[in-house]
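This report describes a single protein chain, with attention to its confidence, its cores and selected elements. The sequence and the model are shown first.

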Amino acid sequence: SSDWDARNEYRTRSVLAARSLVGLGEAGYGSVGAALIASHFPSRMRGALLAVLKTLELQAGDEVMLQAFTCVAVPAAVEWAGGTPRYVDIDPRTYTIAVADLEKKITPRSRAVIVQHTFGYPADLEAVIKLARAKGLFVIEDCAHAIETTFRGSQAGNFGAFGCFSFYATKNMTTAEGGMVLAKREEDIAR
């Protein structure tokens, strides 16, 4: 409906304004390539994550690796996209994905890994990406609580094929609702 479009147009403009207010333009994420504000997705990051997962064209039985300590919206998005969540233990010191357990649980059906930066603490992206490349997995960063998180001097969301952000009311930067997807390749945003 036009009412729905008007509400989402407002949300999109709000997120864009907030993004420039906190300096996430060229200085923060300029090297990522393309950014899409999720005006046509559901009102939170789960819509952004679902859109990213749909670009992978998951088939029945395809696995998406994710840490077991996560929000229910993450495995739900995997299932909505046609995949199967495969849970990985966390590092008890950081509450982020345990790379050793991730390596043990990867199977020939594994297609992607969702790396969550729990409480804004960065996951070991270097180890995860090295393993993902060796196994042919997409890396998706869950940056719902990581708007200002850095890893080795670069902003979270820059390391994987995609970075998904939330601007919901309970997040550390809010526009009341909304989400954002970052992608390294412009053609991924187009899909």
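## Overview and basis

A residue is called buried when its relative accessible area is under 20%, exposed when it is over 50%, and partly exposed in between, with a 1.4 Å probe and protein chains only. By this criterion, buried residues make up 50% of the 191 residues in the protein. The protein contains 7 helices and 9 strands; helices (H or I, at least four residues) and strands (E, at least two) are DSSP runs, numbered from the N terminus. With contact defined as heavy atoms within 4.5 Å, residues 24 or more positions apart account for 58% of the contacts with a separation of 6 or more.

The model is predicted: local features need pLDDT of at least 70, and side-chain atom pairs count only at pLDDT 80 or more, whereas totals for chains, interfaces and linings use all residues. Residues are numbered from 1 along each chain as its sequence is written, and side-chain values use heavy atoms, with hydrogens and water left out.

## Confidence

The predictor's confidence in each residue is given as pLDDT, from 0 to 100. Its mean over the protein is 75, and 65% of the residues reach 70 or more. Confidence is lowest in helix α2 (residues 26-29), with a mean of 37, and highest in helix α5 (residues 99-105), at 98. Over residues 1-42 the pLDDT is below 50, and this stretch has 62 contacts in the model beyond near neighbours in sequence.

## Nonpolar cores

A nonpolar core is a set of buried Ala, Val, Leu, Ile, Met, Phe, Trp, Tyr and Cys residues joined through side-chain atoms within 4.5 Å. The largest has 21 residues, of which L49, L53, V64, I114, I140 and F162 touch the most other members. Two or more residues each come from α3 (45-55), β2 (63-67), α4 (73-80), β4 (110-116), β8 (162-166) and β9 (179-183). The greatest contribution is that of α3, with 5 residues.

A second, separate core has 17 residues, including M65, V88, L102 and F151.

In β2, 5 of 5 residues are buried. Both faces are covered, with E63, M65 and Q67 on one side and V64 and L66 on the other. Two strands are taken to pair if DSSP finds at least two bridges between them. Strand β2 is joined to β3 (residues 84-88) by 5 bridges, and the two run parallel; Q67 stands opposite V88 in β3. The chain passes from β2 through α4 to β3 in a right-handed β-α-β crossover, that is, with the strands pointing away from the viewer, the path from the first strand over the helix to the second runs clockwise. Strand β2 also pairs with β4, in the parallel sense over 4 bridges, and A112 in β4 is the bridge partner of V64.

Helix α4 is mostly covered, with 6 of its 8 residues buried, namely A73, V74, P75, A76, A77 and V78. After α4 comes G82, whose phi is positive, near 100°.

## Helix α6

In helix α6 (residues 125-135), the residues L125, V128, I129, L131 and A132 are buried. They lie on the same side of α6 because they cover an arc of only 165° around the axis, the arc being that of the directions from the helix axis to the C-beta atoms. On the other side of α6, K130, R133 and A134 are exposed.

The buried residues of α6 pack against α5, β4, β5 (138-142) and β6 (150-151). Just after α6, G136 takes a positive phi of about 70°.
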